[in-house]
Amino acid sequence: GRDDGGKALEDPMRVLTQGYMVAVSLAMLAFIFTTRALLYTEAAPNAWWHFAICGFIGAFTGLLIVKITEFYTDFVHRPVIDVAKASVSGHGTNIIAGLGVGFESAMLPIITVVAAILSAYFLGRSSGLQTTASDPEAAAGLFGTAVATMGMLSNLTYVLAMDVFGPITDNAAGIVEMSPSCPEAARDAMDRLDAAGNTTKAFTKGFAVGSAGLACFLLFNAFLDLVRQYSGATPIIDIVKPEVFCAGIIGSATVFLFVAYAMQAVGSTAEQVVTEVRRQFQEMPGIKDGSEKPEYGRCVAIVSQAAIGKMVAPGLLVVFMPVVVGIAFRLLGRIEEDMMLGAKGMTAYLVCSSMTAMLTAFLLNNGGGAWDNAKKLVESGKHGGKGSPAHKAAVTGDTVGDPCKDTAGPSLHVLMKLTATVTMIVGPLVAVGGQ
């Protein structure tokens, strides 16, 4: 787009990325001084810079996830361009292309998180830091992953600012679109800002999932420590044992059921809103010429009630399913004379549900963002522009992508953390019979 003077509009993503780089750089400088001041010890003089590097790894992991998300959701890159191009041949091909982008986008962030966990862990192990744990090197390694998590979260405030940028530009673009007196340059500028806002919203969702993955790795070990404290024994998690394997499958399936509840909530509520809007147009024809005002409150009430009521089922699912699994496998363990089977089953449930949630969240968040910005790309004039068959197909993709990127996807990192929290609080009591 161009402004009123005919100059090309500045790319907002470039400005936001520059700000993010500054935030990361400042955070890393602070990390150097903090680790030197707090973690230097004569017994392990090199430990502080090992953990400083762990912080760098965490910050770099966040930066990489942001850039990967930008590649898959910004309309200047190949994935979104391909989705927009697929809209030319119809609605179905748009959906297929968007799903393909979503599935593809899960691989690189997962590799990034895996590399961060392993490198931070081994840096911590080699730091020479001594602890009172039975395995000091393993404890230092876990502390390294904790520092990496802190490094990733050190620029959280700027990431949150980018998240807020998204809905602000979205609403501003809506106001401009409803204002016929606004010049075409204003519409072009807001469309570009809105597209950038969609990308920044995807940034924060990917960032949240990645940080949850790092944090959950620590919570897995914390859960095993609690089990060890309550039972006096260390559970050996053998994933090929049928009972443990089945508990892990239940954890993965719980993620899909949670997503189903969230998607169905959006779909059924949207049906109610559409029915209400059609009713108002039929009963109040003056809405079309502006002589009557629509009953906005009716639609707001429908959405608000659904937002609260329809989240009860998925909330209860996340809270009670780990407890049910722990009780069921503890009872099964009594039959098999394996009193630690409940703890083993809950561990498998926690690990598998977290891994599945990470993969599904990247699929939904990035796929939804690609669909949304593919529509923005078509609206900018590509493939026939607004009103064209390609635009209608892109709108269908955006409609499918909205509950993916705005409801189901963002809630999955909450599922990961809430599952880990519930397991930490009640898991050891349930898993080992309250010993």
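Val-113 counts as buried, with a relative accessibility of 4%. Keep in mind from the start that this is a predicted model. You'll find Val-113 in helix H5, which covers residues 107-125.

So what does Val-113 touch, once you set aside its neighbours within four places in sequence? The contacts are Ile-65, Gly-210, Leu-214 and Met-358. Now try looking from Val-113 to Ala-139, which sits 26 residues apart from it along the chain. Their C-alpha atoms are separated by 20 Å.

## The chain as a whole

Time to zoom out. The chain has 13 helices and zero strands. If you read the elements from the N terminus on, you simply get α-α-α-α-α-α-α-α-α-α-α-α-α.

The C-alpha trace spans about 75 × 50 × 40 Å along its principal axes. There are 435 residues in the chain, and 46% of them count as buried. What about contacts between residues at least 6 apart in sequence? Of these, 79% join residues at least 24 apart.

## Where H2 meets H12

Pick out helix H2 (residues 47-73) and helix H12 (residues 341-379): their axes come within 8 Å and cross at roughly 45°.

Which residues meet here? From H2 come Thr-69, Tyr-72 and Thr-73, and on the H12 side they meet Asn-366, Gly-369, Ala-370 and Asn-373. Sorted by class, this contact of H2 with H12 has two nonpolar residues, five polar ones and no charged ones.

## Rings next to rings

The structure holds four aromatic pairs. One of them is Phe-71 with Tyr-72, an edge-to-face pair with 5.0 Å centre to centre and 80° between the planes. Are these two buried or partly exposed? Phe-71 is partly exposed, at a relative accessible area of 29%, whereas Tyr-72 is buried, at 3%. The cut-off for buried is under 20%, so Tyr-72 makes it with its 3% and Phe-71, at 29%, is partly exposed instead.

Tyr-121 and Phe-122 make an aromatic pair too, with ring centres 5.4 Å apart. Why is this pair called edge-to-face? The planes are at 80°, and the label edge-to-face applies to planes over 60 degrees apart. Tyr-121 counts as buried, with 18% relative accessibility.

## A charge over two rings

Next, find Arg-36. The charged end of Arg-36 sits over the ring of Tyr-40, at 4.1 Å from the ring's centre. Arg-36 also lies over the face of Trp-48, where the distance to the ring centre is 5.6 Å.

## Thr-419 in helix H13

Finally, go to helix H13, which covers residues 389-431 and includes Thr-419. Is Thr-419 buried or exposed? Thr-419 counts as buried, because its relative accessibility is 3%.

Leave out residues up to four places away in sequence, and Thr-419 touches Val-318, Pro-322, Tyr-349, Leu-350 and Ser-353.

Technical notes:
Residues are numbered from 1 along each chain as its sequence is written. This is a predicted model: local features need pLDDT of at least 70, side-chain atom pairs count only at pLDDT 80 or more; totals for chains, interfaces and linings use all residues. Side-chain values use heavy atoms; hydrogens and water are left out. Rings of Phe, Tyr and Trp (its six-membered ring) pair if their centres lie within 6.5 Å; planes under 30 degrees apart count as stacked, over 60 as edge-to-face and the rest as tilted. Buried means under 20% relative accessible area, exposed over 50%, partly exposed in between (1.4 Å probe, protein chains only). A charge sits over a ring if NZ of Lys or CZ of Arg is within 6 Å of the ring centre and within 35 degrees of the ring normal. Helices (H or I, at least four residues) and strands (E, at least two) are DSSP runs, numbered from the N terminus. Contact means heavy atoms within 4.5 Å. Axes are lines fitted to C-alpha atoms, for helices over the stretch in contact, and angles run from 0 to 180 degrees between N-to-C directions. Ala, Val, Leu, Ile, Met, Phe, Trp, Tyr, Cys and Pro count as nonpolar, Asp, Glu, Lys and Arg as charged, and the others, Gly among them, as polar.
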